Amino acid sequence: ASDLLSTVLLATRAPVLWAPAMNTGMWEHPAVQANLQRLRSYGHAVVDPGEGVLACGEEGAGKLADVAVIAEAIQVHGTPKLDTLLGRRVLITAGPTREDLDPVRTLTNRSTGAMGIELARAFRDVGARVQLVLGGDLPEPWGVETVRVRSAQQMLAACKARWPDSEGFVAAAAVADQRPEAASPEKVKKTDGPETLTLVRTPDILATLAAGRQPEQWVVGFAAESEMHLEHAAEKLARKRLDAILVNDVQAGRGFGAQANTLTPLTAQGPQPVLGPLPKDQLARAVVQWWARCLESGRD
Ligand code: CTP
C-alpha cells in the first residue's frame with residue numbers, strides 16, 4: 001500500500017478487474033505472468049491485452065484491450081451468478097443460415113443474430129458456460145466459445161458435436177427451411193425464359209437435438225409467428241418435444257432487426273407472463289431469469 005491506488009485495492013471488497021497494458025517483453029516475462037496468476041487466485045479478473053503497435057513503438061501483445069471488451073468483462077464480473085446455471089453448459093444457436101446457390105448467390109433471411117448473441121451474453125453473465133453456434137456477420141461476444149457456420153447442415157453438425165456435453169439448448173437461430181437442391185461450384189449463367197430453382201428441406205436442428213436428448217437435458221426453442229401466435233407455438237412445443245418455446249411476433253417490423261422486442265414464453269403449463277417490450281439485451285436477461293426460475297421450480 002505504497003500509493004493511493006494500491007491502498008484502495010487492498011481495502012476494497014468490490015470485485016476487481018485488471019486490464020493490463022505494457023511492452024510485449026514485459027507482458028511475456030514470467031514475473032508478470034506469475035503475478036497475474038496470483039491476482040487471479042485472489043478472485044480478481046484479468047482482461048488480457050490485445051495485439052498491435054504499442055506506445056513504445058514495438059508491435060505485439062500488450063495493447064490495452066478494446067474498451068468494449070473491458071466493458072463486457074465488467075458486465076460478466078459484476079453480474080450476480082444464478083445457482084441453477086452456474087457452471088452449466090448451455091448450447092445456443094443464433095443468426096441466419098446461408099444456403100449457397102453458387103459462389104455469388106445465397107438464400108438467407110432477415111435475422112441478424114442479435115437476440116441469440118444477447119442470450120449468449122446473458123447466460124454467460126449469470127455463470128453458464130456458453131457455446132454459441134453462430135450464423136451471420138455480427139461479431140462474436142466476448143467470453144463465449146463461438147463457432148461460426150454458414151449453412152443449416154453446418155449448424156446441425158456443430159450442434160450435434162456439442163450436444164452430448166451440454167445441459168441445455170436454446171435454438172435462437174433463424175435456420176433456412178430450404179436449400180437449393182444442388183449448389184453450383186461455378187456462377188450460374190442466366191438463361192432466357194422462366195427459370196426454376198428446386199429447393200429441398202434442410203434438417204430441423206431443434207427437433208433433431210430434442211429427439212436425441214437425455215432426460216436431464218433441457219431444450220428451449222423460438223417461434224417466429226406473424227398470426228395465431230400461441231396456437232402455432234403450442235403445436236411446435238408439442239411436435240418438437242420442447243420444454244419451452246419463446247414466441248416472437250414478427251409482424252410489421254417487430255422481431256427481426258428491430259431494437260426492442262417482446263417474447264411470450266409458453267410451456268406445457270400454457271402461456272407465461274409476457275417478457276418485454278425491452279431492448280434485446282434486457283429482454284435476454286429477462287429470459288434467462290425466467291428460465292432459471294423454471295429450472296429451479298422443476299427441481300423442487
Ligand atoms: N429451427 C431449427 N432448425 C430448422 C428450423 C427451425 O433449429 N431447420 C428452430 C429455430 O431456431 C426456432 C424453432 O426451430 O427455435 C422454430 O422455428 P420457426 O421457423 O418459427 O418454425 P418452423 O418449425 O420452421 O415452422 P414454420 O416454418 O412452419 O413456422
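Okay, a definition to start: helices (H or I, at least four residues) and strands (E, at least two) are DSSP runs, numbered from the N terminus. With that in hand, take methionine 228, which is found in the loop between strand S13 and helix H8, residues 229-239. We'll come back to that loop.

Two bits of housekeeping. What you see is a predicted model, so local features need pLDDT of at least 70 and side-chain atom pairs count only at pLDDT 80 or more, while totals for chains, interfaces and linings use all residues. Residues are numbered from 1 along each chain as its sequence is written, and side-chain values use heavy atoms, with hydrogens and water left out.

So, the overall picture. The protein has 9 helices and 17 strands. Its C-alpha trace spans about 80 × 55 × 35 Å along the principal axes. Of the 300 residues, 41% are buried. Buried here means under 20% relative accessible area, exposed means over 50%, and partly exposed is in between (1.4 Å probe, protein chains only).

Now the ligand. Which residues are closest to the ligand? They are Ala171, Ala173, Phe222, Lys236 and Lys240, and in total 15 residues surround the ligand. To be near it, a residue needs one of its heavy atoms within 4 Å.

Next, polar contacts. Such a contact is a pair of N or O atoms within 3.5 Å; within protein, one must be able to donate a hydrogen and the other to accept it, and residues adjacent in sequence count only if both atoms are side-chain atoms. Look at lysine 240: a polar atom of its side chain is 2.7 Å from an oxygen atom of the ligand. Lysine 236 also has a polar side-chain atom by a ligand oxygen, at 2.8 Å. And for aspartate 177, the distance from a polar side-chain atom to an oxygen of the ligand is 3.3 Å.

How much of the ligand does the protein cover? On its own the ligand has 570 Å² of accessible area, and the protein covers 78% of that. Those areas come from the Shrake-Rupley method with a 1.4 Å probe; for residues, only the protein chains shown count as cover.

The ligand takes up the space of the largest pocket. Pockets are found on a 1 Å grid over the protein atoms alone: a pocket is an open set of points with protein on both sides within 12 Å along at least five of seven lines, whereas a cavity is a set where a 1.4 Å probe fits but cannot get out, and lining residues have an atom within 4 Å of a point. A molecule sits in one of these if more than half of its atoms lie within 2 Å of its grid points.

Which elements give two or more residues to the shell around the ligand? Helix H7 (205-211) and strand S13 (218-225) do. S13 has the largest share, with 4 residues.

Back to the backbone, then. Most residues other than glycine have a negative phi, and most peptide bonds are trans. Methionine 228 has a positive phi, near 45°, and this residue is partly exposed, at 45% relative accessibility. Arginine 241 has a positive phi too, about 55°. You'll find arginine 241 in the loop between H8 and strand S14 (244-249), and it is partly exposed at 47%. As for the peptide bonds, a cis one joins glycine 276 and proline 277, with omega about 5°. Proline 277 belongs to strand S17, residues 275-279.

Is leucine 266 buried or exposed? Leucine 266 is buried, with a relative accessible area of 4%, and it sits in strand S15, residues 260-267. Its C-alpha is 6.3 Å from that of leucine 246, 20 residues away along the chain. Now try alanine 55, in the loop between S3 and S4. Alanine 55 is exposed, at 93% relative accessible area, and its C-alpha is 54 Å from that of glutamine 272.
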